[in-house]
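Hi,

Have a look at it first, and then read on for what turned up.

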Amino acid sequence: MLYSYTPVAASACVLYIRAVKSARLTLLFLFWPLLLALSACLSLESDEQKAEAAEKAVLARHDELMGRMDQLYDLRQQLQKASLPDTVEAGQRRRSLLTADAAMMSWMHQYHKPAAATAADQQLAYFKEQQHFIDSVGVLMEHSIDSAQLVLKQAQPATQPSAK
C-alpha cells in the first residue's frame, strides 16, 4: 500500500485546496480592476465603431433620398402641366412634393456631424436621432411621389384620345 489515509494527510489536503481557492480569489480580486478597465476600453472601441456605422447609415440614406430629388421636381412639373380634371388634388400633390423637398433641405441644414471630442455614446445617440429624422423624410418623399404618380396615372387615360 503506497498511500495511507491519515487525518493529518486529509487536513493537509483540505488546507491545500482552501489555499488554492483563496489564491484564485485573491488573483481575481487583484485583476478585477484591470479586467474592468480592459472591457471598458473594448466597449469604447465598440461604441466608436457603432457610431461610425450609424453615421454611415444616416449618410447612405441621405444619399439614397437625394437621388430621388429630381423625381420630386419632375413630378411637380408634370402635375403643373397636366390638364387634370381635379385641379385641387393636383395642387395638393404639388404641395406634398414641395413639402418633401423642404423636409430634405431642412434636414440637411440642421445636420451637423458631432465634434471628434464628443463621447462615442453621445455621437451614437445623435446618429440614431438623425436616422429617425431622415427616415421620416424618406417616408414623406415616398408617399408624395407615390400619390403624385397615382394622380398622373389616373389622369393619363382621360387626356389621351381613344384609338377607335
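First, the ground rules. This is a predicted model, in which local features need pLDDT of at least 70, side-chain atom pairs count only at pLDDT 80 or more, and totals for chains, interfaces and linings use all residues. Residues are numbered from 1 along each chain as its sequence is written, and side-chain values use heavy atoms, with hydrogens and water left out.

**Overall fold**

The chain has four helices and zero strands, and the pattern along the sequence reads α-α-α-α. Helices here are DSSP runs (H or I, at least four residues), strands are runs of E (at least two), and both are numbered from the N terminus. Of the 164 residues, 26% count as buried; buried means under 20% relative accessible area, exposed means over 50%, and partly exposed lies in between (1.4 Å probe, protein chains only). Contact means heavy atoms within 4.5 Å. Among contacts between residues at least 6 apart in sequence, 78% join residues at least 24 apart.

**The core**

The largest nonpolar core has 27 residues. Such a core is a set of buried Ala, Val, Leu, Ile, Met, Phe, Trp, Tyr and Cys residues joined through side-chain atoms within 4.5 Å. Those with the most contacts inside the largest core are Leu72, Leu79, Leu97, Met104, Phe127, Val137 and Met141. At least two residues of this core come from each of α1, α2 (69-81), α3 (87-110) and α4, and α4 gives the most, with 11 residues. Leaving aside neighbours within four places in sequence, Val137 is in contact with Leu65, Ala103, Met104 and Trp107.

Ile134 sits in helix α4 and counts as buried because its relative accessible area is 0%. Not counting residues up to four places away in sequence, Ile134 touches Val58, Arg61, His62, Leu65, Met104 and Trp107. Ile134 and Leu59 are 75 residues apart along the chain, and their C-alpha atoms are separated by 9.1 Å.

Gln130 also has its place in helix α4. Is Gln130 buried or exposed? Gln130 is buried, since its relative accessible area is 1%. Which side chain does Gln130 join through a polar contact? The partner is Trp107, at 2.8 Å. A polar contact is a pair of N or O atoms within 3.5 Å; within protein, one must be able to donate a hydrogen and the other to accept it, and residues adjacent in sequence count only if both atoms are side-chain atoms. With residues up to four places away in sequence not counted, Gln130 touches Val58, Trp107, Gln110 and Tyr111.

Ala82 lies in the loop between α2 and α3 and is partly exposed, at 28% relative accessibility.

Leu150 belongs to helix α4 and is partly exposed, with a relative accessible area of 45%. From Leu150 to Arg93, 57 residues apart along the chain, the C-alpha separation is 9.9 Å.

Tyr73 is in helix α2, and its 45% relative accessibility makes it partly exposed. Tyr73 and Arg94 are 21 residues apart in sequence and 9.4 Å apart in space, C-alpha to C-alpha.

**The largest pocket**

The largest pocket has a volume of about 150 Å³. A pocket is an open set of points on a 1 Å grid over the protein atoms alone, where a 1.4 Å probe fits, with protein on both sides within 12 Å along at least five of seven lines; lining residues have an atom within 4 Å of a point. Grid points are joined across faces, edges and corners, and a volume is the space filled by probe spheres set on the points.

The pocket is lined by Glu48, Ala51, Glu52, Glu55, Lys113, Pro114, Ala116, Thr118, Ala120, Gln123 and Phe127. The elements that give two or more residues to this lining are α1 (7-66) and α4 (120-159), and the largest share, four residues, comes from α1. The lining divides into five nonpolar, two polar and four charged residues, where Ala, Val, Leu, Ile, Met, Phe, Trp, Tyr, Cys and Pro count as nonpolar, Asp, Glu, Lys and Arg as charged, and the others, Gly among them, as polar.

Best wishes
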